[in-house]
Amino acid sequence: MPAPKSVPLQLRYLAHARSGDKGNSANVGLIALEPEWYDLLRRQVTVARVRRHFRGMVSGVDRYELPNLSALNFLLHGALDGGGTISLKTDAQGKVYSTALLRMEIPVPAAVARAARKAAR
Amino acid sequence: MSARIVRIAGGQGFWGDWLEAPVRQVEGGPIDYLMMDYLAEVTMSILQKQKSRNPEAGYARDFVPLMGRILPTIVAKGIRVTSNAGGVNPRGCAEAVLRLARDHGFAGKLKVGLVSGDDLLPRLDELLTAGHQLRDMETGQPLSDIRSRVLSANAYLGMAPMVEALDRDAHVVITGRVTDTGLTLAPMFHEFGWDPDDWDKVAAGTVAGHIIECGAQSSGGNLLKDWRKVKGMANPGFPIVEVSDNGSFVVTKHPGTGGVVSVASVTEQLVYEMGNPHEYITPDGVADFTTIRLEQTGKDRVRVTGIRGAPRTPMLKVSIAYSYGFKAVGTLVYSWPDAYDKARAADRILRQRLKDLGLEFEQVLTEFVGVDATHGRLAGPADPEAPEVQLRVGVRSTDRAAVERFTREIAPLVLTGPPSVTGFAGGRPQVEEVVAYWPALIDRTAVEPGVRVEILEA
């Protein structure tokens, strides 16, 4: 049986997210909008992909899995121009790195893409 | 089997949070405790500065008039309060509350528990000499490198002194630097008499504390999922945990308030500022966030169960603030057509002028608000038809004079740079002193013998 056809889909259709700061690192908690999409996120939103997505903006990426919350937690190191009070950035505390991650595209089965886009309408 | 429930309400998520929230929490329905968190990481240094100018200052001043508004209700209903509003002067804060209580006719009717001993500034050199290096947890640098610039140093205390104050019948517990989560843990351990070495209970209380310590951020505020469907946010319900003797709890809010308590709203708060979820470390124990189970059991009710914990570590975290340098941020707005190109041209001119003046900066950061300020290059190319773009340039330096000179280079661009520029009515940018945060660890045996609990009566 051939593998189901994959199409690229932005994470905004599959997940919601919240971010905050840890010193000069931002954290992004990425939460599947439907629990059945968590495994797709776990397989596709890899450290390598997230590092590539944020290249030039962060110095390193760590990932933790929280299957109980259908969530992944990312630490984006060196993301905040020194962080806290030192940073000159508008987003000195990394509050909206969450939405920057939701711009990322991952390959998903066409049926999932259709369902996710439909749910977003 | 006990069916007893203890209700702990979050009243403030930070110093500057919505002033009506604590009032509505005590008036809007049954609660047993109100916890109010005032201390962000750098708040202590701001308070330290205020205290150095005025020995009676150094605490979150808003707390006192707020107590004035809720005092009649909390006395009538028997609601008790835990708060770290004491900052670097918990005694001053406690005395102000006692004066207030007497002025309101509650003499002899209010006991304030005062927790002190977190302030390590007076002992800092003694501690360094004794071999506590207080290295920066992120960089590994020893504190001795910046000793002369230290403004405040406070250990994060756990729940123990607050439990003691509640055991000794304090109605209001006022502390300096304690953990946000301890403000919630203390009422739970006091009420149920749990063993402080019952790590699963410590972990459960820690998670409960984490959920309510940022105010409405767990009950609909800043909620991304289906944000358009979050209703009634002119009167947001702040979160309340209803805790059972077995350590499980329900997150809810008062009836008739706006916002939402859902698995999504609680999950977004759980992942906020998260590090390694297996090890959420507090002075009281270590919580494993991968064991948390959430279940929607009714409208605006989420049950939280299954939380596992591990023993506390021998170390306490120390929050140190030090003088880092100076910064300023200037902005100008450029309008269509070619708004982004005009803003970029202005940035190039500004940078050339700073260079020609020979000014030294550790950092000059340019952002184009409306183009790349929040998402950088991920936002894609600028829209050539954008109605306006804000140029936002920040500088940072140890040289105050250089930053001061920068603040005088923004307005001149209006008549000496690209056209269609506006938005400078706010005047010259302000020079800000940068007080930076230095997180360190210390052996708890160096701190805990100095922790004191006093019960003061109005």
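This is a short talk on a predicted model with chains A and B, beginning with chain B as a whole and ending where the two chains meet.

Let me start with the overall picture of chain B. The chain contains 12 helices and 19 strands, and its C-alpha trace spans about 75 × 55 × 45 Å along the principal axes. For a chain of 458 residues, a compact globule would have a radius of gyration near 23 Å, and the value for chain B is 25 Å, which agrees with that expectation. Of those 458 residues, 49% count as buried. If we take the contacts in chain B between residues at least 6 apart in sequence, 76% of them join residues that are at least 24 apart.

The chain is divided into two parts, with domain 1 made of residues 5-118 together with 156-313, and domain 2 running over 321-438. The centres of these two domains of chain B, taken over C-alpha atoms, are separated by 39 Å. B:Gln352 belongs to helix H10 of chain B, and because it has 10 other C-beta atoms within 10 Å, it is classed as exposed.

Now to some details of the backbone. The peptide bond from B:Trp336 to B:Pro337 is cis, with omega near 0°, and B:Pro337 sits in the loop that runs between strand E14, residues 315-335, and helix H10, residues 339-356, of chain B. B:Asp169, in the loop between helix H6 (160-167) and strand E6 (172-174) of chain B, has phi near 70°, a positive value in a residue other than glycine. B:Asp226, in the loop between helix H8 (199-212) and strand E7 (240-244) of chain B, likewise is not a glycine and has a positive phi, of about 50°.

Are these two aspartates buried or exposed? B:Asp169 has 10 C-beta neighbours inside 10 Å and therefore counts as exposed, while B:Asp226, with 13 other C-beta atoms within 10 Å, is partly exposed.

Let me turn to one of the sheets in chain B. This is an open sheet of three strands in the order E9-E10-E13, with antiparallel pairing. Strand E9 (280-282) and strand E13 (308-310) of chain B stand at the edges with a single partner strand each, so that one side of each has no neighbour in the sheet. From one strand to the next, the twist averages 30°. Within this sheet, E9 of chain B and strand E10, residues 285-288 of chain B, pair in the antiparallel sense over three bridges, and B:Thr282 stands opposite B:Gly285 in E10 of chain B. Helix H8 of chain B packs on the sheet and touches E9, E10 and E13 of chain B, with its direction making about 70° with that of E10 of chain B.

In chain A, we find an open sheet of four strands in the order E2-E3-E5-E4, again with antiparallel pairing. Its edge strands are strand E2 (15-22) and strand E4 (60-66) of chain A, each of which pairs on one side only. Neighbouring strands here are turned by 20° against each other on average, direction ignored. Eight bridges join E2 of chain A to strand E3, residues 25-32 of chain A, and the two run antiparallel; A:Ala15 stands opposite A:Ala32 in E3 of chain A. The helix that packs on this sheet comes from the other chain: H9 of chain B touches E2, E3 and strand E5 (71-77) of chain A, and its direction makes about 30° with that of E2 of chain A.

That brings me to the interface. How many residues of chain B are in contact with chain A? There are 40 of them, in contact with 31 residues of chain A. The elements that give two or more residues to this side of chain B are helix H9 (263-270), E14, strand E15 (363-369), strand E16 (388-397) and strand E18 (432-443) of chain B. By class, the side of chain B that touches chain A has 20 nonpolar, 10 polar and 10 charged residues.

Note on methods: Residues numbered from 1 in each chain as written. Chains lettered and ligands numbered in written order. Predicted model: local features only at pLDDT ≥ 70, side-chain atom pairs only at ≥ 80, totals over all residues. Buried ≥ 20, exposed ≤ 12 C-beta atoms within 10 Å, placed from the backbone. Domains from an automatic or database assignment. Contact = placed C-beta atoms within 7 Å. Nonpolar A, V, L, I, M, F, W, Y, C, P; charged D, E, K, R; others polar. Pairing = 2+ DSSP bridges. Axes fitted to C-alpha atoms, helices over the stretch in contact; angles between N-to-C directions. Rg over C-alpha atoms; globule rule 2.2 N^0.38 Å.
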